[in-house]
Amino acid sequence: MQVTALDADLIVCISAFWQTTCTAVRAGEEGFVIDSPVLPHELDALPHVLGQAGFPVSGLLATHGDWDHLLGRFAFPDASLGCGESTAVRLRAEPGEAQRELRDFDDEHYVKRPVPLSLGAVQSLPVPGRLALGDGQRELELHPAVGHTPDGAAYLIPWLGVLVCGDYLSPVEIPWLSPGGSVEAYLLTLERLRALVERVDTVVPGHGGPIPRDEALRILEEDVSYLRALAHRGAEAPLPDGRRSRSQRQIHDQNVAAVTS
Ligand SMILES: [Zn+2]
């Protein structure tokens, strides 16, 4: 796990697996952890990393309901998990789904976990909306971010100039239409994110990153081009430069199936 302090009040941890990001933000005596690393030893290390840096953990947040972003309670079992209302609806509609997918992943990679994943009572947050921290001195902004999946929220941290956007604008992964995602919703989200990216210096995508604003805007244009080509040309759509590996071509095949089904 790679640990980067972007600011005295913001730490980004990048998992060795899928480069899944976990962002800790602090204001005064309060702090939140957005998303999670994937591997057990990374989740074990997280409380020590944040403790040593003096980061309080008042609660956990998730950008969306895919299992690899929901593992924070392995690190902080007493903390409650909050997410945008669309994600809360998805988690309620698919009880046990994240646990099943985690088990499949663990079986495939011979990963052992000390206990099963428990999400606890998930707290639904209004999107768009605001979440106060630091005795109300600071506010996280929640913005809708759907299209990769049917659910999701991006977290804007205005006082630090950082956007934590979930599985969009990734330097390592092409746009991925998971079940319930769509090209139309994804493109609308990218337009919404464009306005948010212009308000910040740094973007922390769900996989890879953190990246400076200009790189995020460049990726955004590449992703718009890819998705438009996918809608019109299906399998013939060219993949963005630097994201053409075998794994990215497999995601592309899934996207083609999603737009032609
Ligand atoms: Zn993801």
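1. In this predicted model, six strands make up an open sheet of mixed pairing, ordered β8-β9-β10-β11-β12-β13. Its edges are β8 (129-133) and β13 (211-212), each of which pairs on one side only.

2. Within that sheet, strands β9 (residues 138-144) and β10 (residues 153-157) run antiparallel and are joined by four bridges. P144 is placed opposite A153 of β10.

3. The zinc ion has as its protein donors H69 (NE2), D167 (OD) and H207 (NE2), at 2.1 to 2.2 Å. The spacing of these donor residues in sequence is H-x97-D-x39-H. H69 and H207 are both buried.

4. R113 is located in the loop between α4 (97-109) and β7 (123-125). This residue counts as buried because its relative accessible area is 16%, and the cut-off for that class is under 20%.

5. Leaving aside residues up to four places away in sequence, R113 touches V38, L39, P40, L43, L71, F74, L102, F105 and D106. With D106 there is also a polar contact between the two side chains, at 2.8 Å. H41 is 72 residues from R113 along the chain, and the C-alpha atoms of R113 and H41 are 9.5 Å apart.

Terms used. Residues numbered from 1 in each chain as written. Predicted model: local features only at pLDDT ≥ 70, side-chain atom pairs only at ≥ 80, totals over all residues. Heavy atoms only, no water. Pairing = 2+ DSSP bridges. Helix = DSSP H or I, 4+ residues; strand = E, 2+ residues; numbered from the N terminus. Donors = N, O, S within 2.8 Å, 3.2 Å for Na, K, Ca; no water. Buried < 20%, exposed > 50% of the residue type's maximum accessible area, 1.4 Å probe, protein only. Contact = heavy atoms within 4.5 Å. Polar contact = N/O pair within 3.5 Å; in protein donor to acceptor, adjacent residues only side chain to side chain.
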